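Please walk through this structure with the sequence at hand.

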Amino acid sequence: TLRLAPAGHVLGSAQVVLEHAGQRAVVSGDYKRAPDPTCAPFEPVPCDLFVTEATFALPVFRQPDPLREIGRLLHDARLFPDRTHLVGCYALGKAQRLIALLRQAGYDDPIWLHGALRPMCDLYGRFGIDLGLLNAATGAAKDAMRGGIVLAPPSAIADRWARRLSDPVVCLASGWMQVRQRAKARGVELPLIISDHADWDALLRTCDDVGAGEVWVTHGREDALIHALGKRGVRARALRLVGYGDEDEAETALDTVEGDAA
């Protein structure tokens, strides 16, 4: 039998649960354990075999509370009311989560959107996720967006598109912003450590929660997680999927698509 269970990654994301002859295997796909008001939370499914992602499977990756990061963004916006805060984020999942977190933190002003982000925000709205007032940034007057928050694909924050903004503070919301060199290389002034992937502690907790005797690790940093699981008495090995690269490769591809959609 086959069924799906929530993965907590983005709206509609799912784990695949397979059962046969009294054995159960669960394929996680991308997942996170942090609260997200825009999608169903991850459901730990007890199993014999667990196939897990490992995007941030290094002990250095321990993500802060996302509301703390949103608080840093709002604090900076209050400090620099004459500047526009431009936040790079993915069109699917990350943009909607950022908007929901801003609303949760009490930010009720209109949020400005790059054209590539609007269709997915509208889709979330049709599924009952209220994101509040969203305005189109493309074509808007520079003064109208002064002091506001603008969301755009990561590719747009260093593009000529950003020149329409008033002295922008360049931000990027990603788990990779924990690596300072990555933020500096991309010209990010305010890095926001907000990820839709499980961090190191969440990966270990999830493997504990599902109780699998065997874990296959894919999509990321396999070695450290395999070693840590082995010390816990869990058989673990790398499952290297052909054509399944890391998040950086996915980001490059997604940026290209979003740039075309602008």
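A charge counts as sitting over a ring if NZ of Lys or CZ of Arg is within 6 Å of the ring centre and within 35 degrees of the ring normal. In this predicted model, Arg237 is placed in that way over the face of Trp216, at 4.3 Å from the ring centre. Arg83 lies over the face of Phe80, where the distance to the ring centre is 5.8 Å.

Five aromatic pairs turn up when the whole structure is searched. Phe61 and Trp176 make an edge-to-face pair, with 5.5 Å from centre to centre and 90° between the planes. This pair links distant parts of the chain, as its members are 115 residues apart. Phe61 belongs to the loop between strand S4 (49–54) and H1, and Trp176 to the loop between S9 and helix H5 (180–185). Elsewhere, Tyr31, Phe42 and Phe50 form one aromatic cluster.

In soluble globular proteins, nonpolar side chains tend to be buried together. Here the largest nonpolar core has 29 residues, and Val87 and Leu151 are those with the most contacts inside it. Two or more residues each come from helix H1 (66–79), helix H2 (94–104), strand S6 (111–113), helix H3 (118–126), strand S8 (149–152), strand S9 (169–173) and strand S10 (190–192). H2 contributes the most to this core, namely five residues.

What does Val87 touch, leaving aside its neighbours within four places in sequence? Val87 is in contact with Leu73, Leu98, Ile149, Val150, Leu151, Ala152, Ile157, Cys171, Ala173 and Leu192. Apart from this core lies another, of 25 residues, with Ala198, Cys207, Ala212 and Val234 among them.

The last stop is helix H6, which spans residues 200–210. Its buried residues are Trp200, Ala202, Leu203, Leu204, Thr206, Cys207 and Val210. One of these, Cys207, was named above as part of the core of 25 residues. The cover over the buried residues of H6 includes S4, strand S11 (214–220) and helix H7 (222–231). After H6 comes Gly211, which has a positive phi, near 65°.

Terms used
Residues numbered from 1 in each chain as written. Predicted model: local features only at pLDDT ≥ 70, side-chain atom pairs only at ≥ 80, totals over all residues. Heavy atoms only, no water. Core = buried A, V, L, I, M, F, W, Y, C linked by side-chain atoms within 4.5 Å. Buried < 20%, exposed > 50% of the residue type's maximum accessible area, 1.4 Å probe, protein only. Helix = DSSP H or I, 4+ residues; strand = E, 2+ residues; numbered from the N terminus. Contact = heavy atoms within 4.5 Å. Phe/Tyr/Trp six-rings, centres within 6.5 Å; stacked < 30°, edge-to-face > 60°.
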